[in-house]
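Subject: Structure for you to look through

Dear colleague,

Here is the structure I promised to pass on, with its sequence, so that you can turn it on your screen while you read. My notes on what was found in it follow below.

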Amino acid sequence: MHRLNGFSLTRRLTLMFVGMGTAVLLGLGWVVSNSVEKHFEALDMEVLAGKMELIAQALQRVGAASDLTQLSHQLARSLIGHHGLEVLLLDADKAVIFATANASFDPAMVAAQATQRPGQPALWQLADQTYRGMAQQIPTAALDAKGHRALVIVAAAIHIGHHQAYMRGFLQTLWLFVAGAAVLMALLGWWSVRRALQPLRAMRDQAQVVTAQQLNHRVSLQRMPVELAELAQSLNDMLARLEEAFKRLSDFSSDIAHELRTPVSNLMTQTQVALSQPRAADDYRQVLESNAEELERMARMIADMLLLAKADNGLVVPNREPVDLAAEVQALFDYYEAVAEEKGLHLRQSGSASVQADRLMLRRAVGNLLSNAIRHATPGTVVQVWLTQSESGAALSVDNTGDTIAPELLERIFDRFFRVDPARQRSSEGTGLGLAITRSIVVAHGGQIAATSHDGLTTLTMRLPHPAP
Amino acid sequence: MKILIVEDEPKTGDYLKQGLTEAGFTVDLARDGVDGLHLALTENHDLAILDVMLPGIDGWGVLAGIRRAGKDMPVMFLTARDAVDDRVKGLELGADDYLLKPFAFSELLARVRTLLRRGGKPSSDPFLHAADLELDLMRRRVSRAGQRIDLTAKEFALLELLLRRQGEVLPRSLIASQVWDMNFDSDTNVIEVAMRRLRAKVDDAFEPKLIRTVRGMGYVLETPCTA
């Protein structure tokens, strides 16, 4: 695990969960507190507007300066019982006409508010108290020196300490709640993520069981969430491929050991028996001749296995040139003619095709198909080669009449050392690698090889695509 | 004919020397590249057989040294490494042939003779003979003891090869490659069957028998010495 980029999925998901939850709660808190605040303001303004109306009506009745004294009494009376409500009346020269007990607001500030933002809510600070106020110029019935109706600046304010206390409490509760919720969400998130990732851990545990000896182990798909089922399936497929390749490899190793053990033990026994007592020169010659034959076979098998090993590792690179398949088949017919005649077989070909291929390799591949067909053909029958050319490439099929190969064995006939009849193993001819080499050559050319067998007619078909330009 | 062998594997070197000596060649054997190059430059050889992996100077180095000294005798490489690069490198450096271990001695011998013959002029005689067997290259006819023998084209080519290289044991792989142009080891007994059929026509009804099987090595056409 890389510490740097391997940030735990659990931690990442938990943090995201907490972050998003907190943001949502904070947003909600802001909306709620804002609307409560607005509601309080609306309530305050309603009260203030009512008072302002009252004062305006009283001022309508003021006809002369002398009436103002009367007005003061009237106002003082009507405002009794309104706790926290302060009223201030200023004349045009900002001199105080009337003021309630605590209404010691700055006259300049009040006048500015009345002219610039009449009737609008404002927050006024007085000592350590906060007031919500409004100011307005209201005309009286009295006339000033120029004959205009005299204006009076009226300010009304209401003490909002209790609203503020409420908001403080509200915000405090909100913060506490958000903090608590964040912690809770962290815990819940961590728990649920862990729970959700449980199948992943189960998968890891199961994958850890897999070793070279236990490649048959598979991740169980039962109760696996859909998202992970695909991953698990891919993992299983990979394991299947690995197991297959591993099995082939170990089969190959044991096949080699097996195939080489018999000739080596023959050679050893024969040589040691020959050496155990003095013999005539002819006897020695016979032993040596027999050894030479056996050794030649082994050398050929080693060369074949080397070729297959190279093909398996993609080291067989065809040297492509245009090849006329019909001509190649004819050349091979010439080669196998004598053997075929001995068995009373007829070699025939029909069709034509050409490919871009490595001539030497292709000749070998087709030669192996032919010799296989000749070996397994019933005497007196026909071995037929079909050539077809299509858009995608060329196909070459070799038919022979003989024993039907069981379907379960068909796909294995291209395996190394595979023989349909185990009793024929190590017959004097063949290393059991011919068809495997053919397949390797075809695969190296990007082609495919297949076999069918029905009613005594066995057909091996190789398809070679046109090489990519 | 004098042949230089440079081979560090003791058994291989000894057997090659013995085999080639018994085949009628004079053989110098060196066990490492330094000795080998020294011998190649001081003596006159008709052919050199070099192992690629050698102590001192490797096979490529020996070949380069030989060519630098202006010697143009044919050179054959032996190697256990089956890499195409090796082959290409060898041919670029001027090697004439290349044999992969394990190889059959008969194959080596046949190739040595081919390389040594390369310089010589092909016989202009349109007739090849062995005892009372006669092969007419111009008219594509074969007769023995005056009797006409009918051969297929491939049988004719096979007999021609055997006659041209009388007395040499020809391995199956060489026959397949020269007569049929098949450069792979077939797992079928093609050559045996072809040879049997040829002998049926050429040898069965006549004495002495000319074509002989050398078990484990190949085939040879020779006139028996018992006159």
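In strand E5 of chain A, the bridge partner of Leu88(A) is Ala155(A), and this pair belongs to the 6 bridges that join strand E1 (residues 85-90) to strand E5 (residues 149-159), two strands of chain A that run antiparallel. Strands and helices here are DSSP runs numbered from the N terminus, a strand (E) having at least two residues and a helix (H or I) at least four, and two strands pair if DSSP finds at least two bridges between them. Please keep in mind that this is a predicted model, in which local features need pLDDT of at least 70 and side-chain atom pairs count only at pLDDT 80 or more, while totals for chains, interfaces and linings use all residues. Residues are numbered from 1 along each chain as its sequence is written, and chains are lettered from A and ligands numbered from 1 in the order in which they are written.

Both E1(A) and E5(A) belong to an open sheet of 5 strands in chain A, whose order is E2-E1-E5-E4-E3 with antiparallel pairing. Strand E2 (96-99) and strand E3 (122-126) of chain A each have a single partner strand, so one side of each is left without a neighbour in the sheet. Helix H1 (residues 9-60) of chain A packs on this sheet and touches E1, strand E4 (129-143) and E5, its direction making about 25° with that of E4(A); such angles run from 0 to 180 degrees between N-to-C directions, with axes fitted to C-alpha atoms, for helices over the stretch in contact. Two residues are in contact if their C-beta atoms, placed from the backbone, lie within 7 Å.

E11(A) and E12(A) form a hairpin with 2 residues between them, and Asp455(A) in the turn has a positive phi of about 45°.

Turning to chain B, 21 of its residues are in contact with 26 residues of chain A. The largest share of this side of chain B, 4 residues, comes from helix H8 (residues 190-202) of chain B.

Some backbone details of chain B also deserve a look. Most residues other than glycine have a negative phi, and most peptide bonds are trans. Arg140(B), however, has a positive phi of about 55°, and its place is in the loop between strand E7 (133-136) and strand E8 (141-144) of chain B. Asp181(B) has a positive phi of about 60° and lies in the loop between helix H7 (172-180) and H8 of chain B. A cis peptide bond, with omega about -10°, joins Glu207(B) and Pro208(B).

With best wishes
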